Structures are given as structure tokens and as C-alpha cells.
Amino acid sequence: MEATRDDIEGLFELQRIDLEIKRLSKELDELPQRGIIVAARDKKTAVEAKSEQVAELKRATTKKITRIDDEDASLAKKEAGVQAAIDAAHGDFRNVEARTKELAGIVRRRATIAEDRAAVAAELDKISAMEAQISLALEEIGAKEQEAIDSFQKQGGDLKLAIAKLEAARGQVETKVSPQLLDVYNRTAARSGVAIGVLDGNRCGACRTVIDGGRLIDLRNQAPLGMCPSCKRLLVIA
């Protein structure tokens, strides 16, 4: 295979650049911050769902207290009216007795309502405490997520810049290699990663396969550049 010294040097330089780009790209893809960010967002979603449940529970509990307060206000008004009727009854003992029983019933109901309200208020306090815990958890998750994002942007940005510089350098090296060889190299690299090696005695310097006598002779006849009959990679033949 026809190739100049510049072609061969250019091919090895392209391979060095491509392998470094591949290494940096893998490092970029495997940055631990990615996992931290995803985990934080998943956790935040779960906590936000819990937050909505707690908020709904708080709304329902608040409505209970409102209903209790409304009933108590109504009973308080009724209690005042019955007491006023008793005060105005004077000597009408039957009326006073009936009103007194009614008043006692109202007082008992208001006492029960007061107990219910205390229980619901205690429940509301617990819900409010849960809300505070959830809010704090969301703040902590958000801080951890932002820290990972900042770190990822810094480290990832540095890696992307390094890759961009290598890609620019690759473009300059490509001009030193003949278009035909460049096409063969690119197709081989896309298939195998490592596209070029050096013939090492009777072995392929890339796949390390032993090349038998007849094929070895044919390969040497392709000097200075041939192709491994086994892995189909380019081989520099000294």
C-alpha cells in the first residue's frame, strides 16, 4: 500500500489524538457528578410528591378546624340566646327547666367540640412539623444538586475544552494524510478503535495474531503499509 513517511506519521498522530479524545469522552460520560445530580433530582421528585400529600393533609385538617370553629361559634350564639331566655323567664319554672336542659346539652357539646379541636390542632402541629422537615430536606437536596452541577460544569467544561482542542488539532493533522489513506483509517478506527499498528516479526502489532508464511510474504510485499489479514487493521511494515 502506497504511503509516505508523512502519511504514516500523520496516521499515528491521528490515532494518538483519537484515543485521547475517546479517553476524555469516556471520562466526561463517567463523571460522578452525573449520578449525584440524577439521584438528587429523583429524590427531590419523591420528596416533592410527599410534600404535596402533606399539603393536602394540612388543607383537610385546617378545614376540620374551621368546621369545628364554625359549629362552636354557632353553639356559642345559641348558648347566649338560651341563657337570655332563661334570664327573661322569671317565674316560669317549666320554661326555665326546659331551657336549662337545652343549655346543658349545648355546654356538653361545646366541651366535646373543644376536645375535638385540641386533638385536630395537635394533628395540625404534627403536620406543620412534617412540612418544616420536608422543606429542610428539599433545601439540602437542592444544595447538594447545585454543588454537583457547579462541579460538573467546571470539570466537564475543562474536559470539553480539551476535547475541542484535540479535535481542532486532528483537523490539521488530517491535511498531512492522503485522502485515500485517511478514508481507510477512519473506517478502520470506527470499527476497531485502534486502526494502525506495527508489524512485529510475524505478528500483528495490533491484534497480536501470528501471520503465517504465505500471508506474511504478501504483507511484506505491501511495504511500507499493509493490512493485517486477521483484524484488517493497518500495519506499518519496516
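Reply: H2 passes H3 in a left-handed crossing. Here a crossing is left-handed if the near helix is turned anticlockwise from the far one by less than a right angle, and right-handed if clockwise. Helices (H or I, at least four residues) and strands (E, at least two) are DSSP runs, numbered from the N terminus. This is a predicted model: local features need pLDDT of at least 70, side-chain atom pairs count only at pLDDT 80 or more, and totals for chains, interfaces and linings use all residues. Residues are numbered from 1 along each chain as its sequence is written, and side-chain values use heavy atoms, with hydrogens and water left out.

Me: Are H2 and H3 roughly parallel or roughly antiparallel?
Reply: Axes are lines fitted to C-alpha atoms, for helices over the stretch in contact, and angles run from 0 to 180 degrees between N-to-C directions. The axes of H2 and H3 come within 6 Å and cross at roughly 165°. Angles under 35 degrees count as roughly parallel, over 145 as roughly antiparallel, 65 to 115 as roughly perpendicular and the rest as oblique. So H2 and H3 are roughly antiparallel.

Me: How many residues of the contact of H2 with H3 are charged?
Reply: Contact means heavy atoms within 4.5 Å. Ala, Val, Leu, Ile, Met, Phe, Trp, Tyr, Cys and Pro count as nonpolar, Asp, Glu, Lys and Arg as charged, and the others, Gly among them, as polar. The contact of H2 with H3 has 31 nonpolar residues and ten polar ones, and its charged residues number 23.

Me: Is Ala 40 buried or exposed?
Reply: Ala 40 sits in helix H2. It touches Ile 141 and Glu 145, leaving out residues up to four places away in sequence. Buried means under 20% relative accessible area, exposed over 50%, partly exposed in between (1.4 Å probe, protein chains only). At 6% relative accessibility, Ala 40 is therefore buried.

Me: How do H1 and H4 pack: roughly parallel or roughly antiparallel?
Reply: Helix H1 covers residues 5–29 and helix H4 residues 179–192. Their axes are 11 Å apart, at an angle of about 30°. That angle makes H1 and H4 roughly parallel.

Me: Which residues of H4 make the contact with H1?
Reply: H1 passes H4 in a right-handed crossing. The contact residues divide into five nonpolar, one polar and two charged. H1 brings Asp 7, Leu 11, Leu 14, Gln 15 and Asp 18, while H4 brings Leu 181, Leu 182 and Tyr 185.

Me: Which strands do the buried residues of H1 pack against?
Reply: The buried residues of H1 include Ile 8, Gly 10, Ile 17 and Ile 21. The helices they pack against are H2, H3 and H4, and the strands are S1 (196–198), S2 (225–227) and S3 (234–236).

Me: Is Thr 188 buried or exposed?
Reply: Thr 188 lies in helix H4. It touches Gly 193, Ala 195, Lys 232 and Arg 233, not counting residues up to four places away in sequence. With 3% relative accessibility, Thr 188 is buried.

Me: What is phi of Lys 232?
Reply: Most residues other than glycine have a negative phi. Lys 232 is in the loop between S2 and S3 and is partly exposed at 42% relative accessibility. Its phi is positive, near 65°.

Me: What is omega of the cis peptide bond that joins Ala 223 and Pro 224?
Reply: Most peptide bonds are trans. Pro 224 is in the loop between helix H5 (213–220) and S2. The bond joining Ala 223 and Pro 224 is cis, with omega about 15°.
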